[in-house]
Amino acid sequence: MSERKLQAWIEAGLIDDQAAIRIRNWEAQNSRPLGLWAIVGLAVLAIGLGLVSLIAANWQAIPGTVRLAIHFACIIALALYLFFGKQRAEYNALIHDGALFILGALGLTFFGHIGQVYQSTAPIWQALGLWLLLFSPLLLLFGRGWPVAAMWMAGFIATVDTYAMDKMNTAAQYAPTFQFSLILSLPIAITGFAAFFRGRSNRPDFWRKLEILGLLVTVIAAGMMLLLGSLNDLLGHAHDKSMDESRIAQALITVVTAFLVWIFHKGRSGQAIAGILIAAALLNLTAMVIGNSIILGATLFILFGVSIAVASLYAGWRGAFQGAVVVIALRLIALSFQLADDLLGSGVGLILAGFLTLGIAYAAVRISRNYAPDKDTEA
Amino acid sequence: MSEDTPAPKFSLKWAAALLIPVIGLGLIWADGHRKAQIGTDWDVPVSGYDPRDLLRGHYIAYRYEWPGQIRGENEPMDYYGDLCIKGTAPVIASVTRIDGPAPKDCNSIARAQDNTMPQVEGLSRGILFVPQASAAAYQKDLADPKRQGILRIRVRDDGFVRPVSMTFRARAGQ
């Protein structure tokens, strides 16, 4: 809440001092310290990356076993701090989550450290998978904020991706794309997994975050598949059968996930998420048949954006609605340049594309101002 | 607001969630440490270069130049089979490919692993993690045609090959 605005309103006679105090009190009790979370998130991310760098330097001045012992002692110390800190009544969620994140980062880098000291050449997914196995109970049962939710999701995606890539590379002749695409699409299913626990946990807000991350992964994955498809066509590759297999696998996982969300996450926001998931599945399936038309590809992309905007309106998500409008506008702008391609040399096409861009930007700003749901409705 | 919900009191679940990763990491370390100590050490000539792996730091990607295993025109570039090593450790007298049952008089049998990082290819190529501070020196030595890289490997009784360290000496005939 902006103190300057409050002062201005008092001076303008819009509210009296009492109202200003009531507003301040209410804000103090109900505000989410989003800025603080962002700073803590940034800080622990920096510490995590620093740890990776520190381990990767492979200091020769200290014997490997000693380095590992120091690393392990840090892990034990942080675990003890968390264990005894938990009993303090005034325990702070920010510190708790930051410490969980750093413990997770210490654990992950410990695998790299062991591999380095003992010259292990095991594939990376084995270390990531073991990390996921050991840290999932801790992160999923006790995480509360974005840093931990994002860390777990990133760990899951990295494990699944490196596993599928490794197996695809070593599959001698024919890589069974469908099978690997199913595995690669598993992060999408986290949306349903999170929807299930959201209603059963005493930390529904954490699971909501994981559900949002899963949805984000789904939307990005579906968009990427569409872009990859058009890129394939652009490079003059023949219609790729393995691409179709990937699309079917992704659509399959997405539909199952939509069903899970529909069942476990009741209410408007659950229905909206299920709707977006279905739209993503449909996007994948229709992308198979459109071929290499620029217009059809862009239309499909924009339709997907519109469906996200509609779902956001239905559920009352302001940020998601505005994001969808921006993405649609950007795609339209890119499209206008794509279509003006042959005119670009003449200058006329460039001018037209410029004016169109201004028009689209104006319309996007108007739409996202006037039609976006109010800020306070929550998913 | 979940950020403000009071943390649950002492619980077995909390203790277990913290103990699982700590004990798990400890066991993985202990097992890795134990396995790294056992085996017979051999010196193998290698050639290579120095790239970087994000999680584990700099490593030398090397190619084995097994004594007696000349890569002729008709030889496959990469060999995924097992090797019979003879000699007095760490000096290798001869290396022969094992086709069929393993000979009885091998001092060590090195077996190609198939579940590895993509940079490792059987007993043809491998990697050695090196300190960042000395990576440049390794690279210079590896690029020097007058110098021959010698890799110390540790071969376990089950055939697992683990690189240990790398040294350099003047290349024979130079």
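Colleague: Where is B:P90 found in chain B?

Modeller: B:P90 is in the loop between β4 and β5 of chain B; helices (H or I, at least four residues) and strands (E, at least two) are DSSP runs, numbered from the N terminus. This is a predicted model, in which local features need pLDDT of at least 70 and side-chain atom pairs count only at pLDDT 80 or more, while totals for chains, interfaces and linings use all residues. Residues are numbered from 1 along each chain as its sequence is written, chains are lettered from A and ligands numbered from 1 in the order in which they are written, and side-chain values use heavy atoms, with hydrogens and water left out.

Colleague: And the peptide bond from B:A89 to B:P90, is that cis or trans?

Modeller: That bond is cis, with omega near 5°. Most peptide bonds are trans.

Colleague: Next, cysteines. How many disulfides are there over all chains?

Modeller: The count is one, a disulfide being a pair of cysteine sulfur atoms within 2.5 Å. B:C84 and B:C106 form the link, with their sulfur atoms 2.0 Å apart.

Colleague: Is B:C84 buried or exposed? And B:C106?

Modeller: B:C84 is buried, at 0% relative accessibility, and B:C106 is buried as well, at 15%. Buried means under 20% relative accessible area, exposed over 50%, and partly exposed in between (1.4 Å probe, protein chains only). In chain A, A:C74 is partly exposed at 37%.

Colleague: Turning to chain A, what is its secondary structure?

Modeller: Chain A has 15 helices and zero strands. Of its 379 residues, 45% count as buried.

Colleague: Where does A:Q119 lie, and what is its phi?

Modeller: A:Q119 lies in the loop between α5 (93-117) and α6 (124-142) of chain A. Its phi is near 55°, a positive value in a residue other than glycine. Most residues other than glycine have a negative phi. A:Q119 is buried, at 7% relative accessibility.

Colleague: What does A:P373 touch?

Modeller: A:P373, in the segment after α15 (348-370) of chain A, touches A:S312, A:L313, A:G316, A:W317, A:R318 and A:F321, not counting residues up to four places away in sequence. Contact here means heavy atoms within 4.5 Å. A:P373 is buried, at 10% relative accessibility.

Colleague: Now the interface. How much area do chain B and chain A bury between them?

Modeller: About 4,700 Å², with 68% of it on carbon and sulfur atoms; buried area is the accessible area (1.4 Å probe) that two parts lose on being put together, summed over both. The contact takes 45 residues from chain B and 53 from chain A.

Colleague: How many salt bridges cross the interface?

Modeller: Zero are found between chain B and chain A, a salt bridge being a side-chain nitrogen of Lys or Arg within 4 Å of a carboxyl oxygen of Asp or Glu.

Colleague: Which element of chain B gives the most to the side that touches chain A?

Modeller: That is α1(B), with 17 residues.
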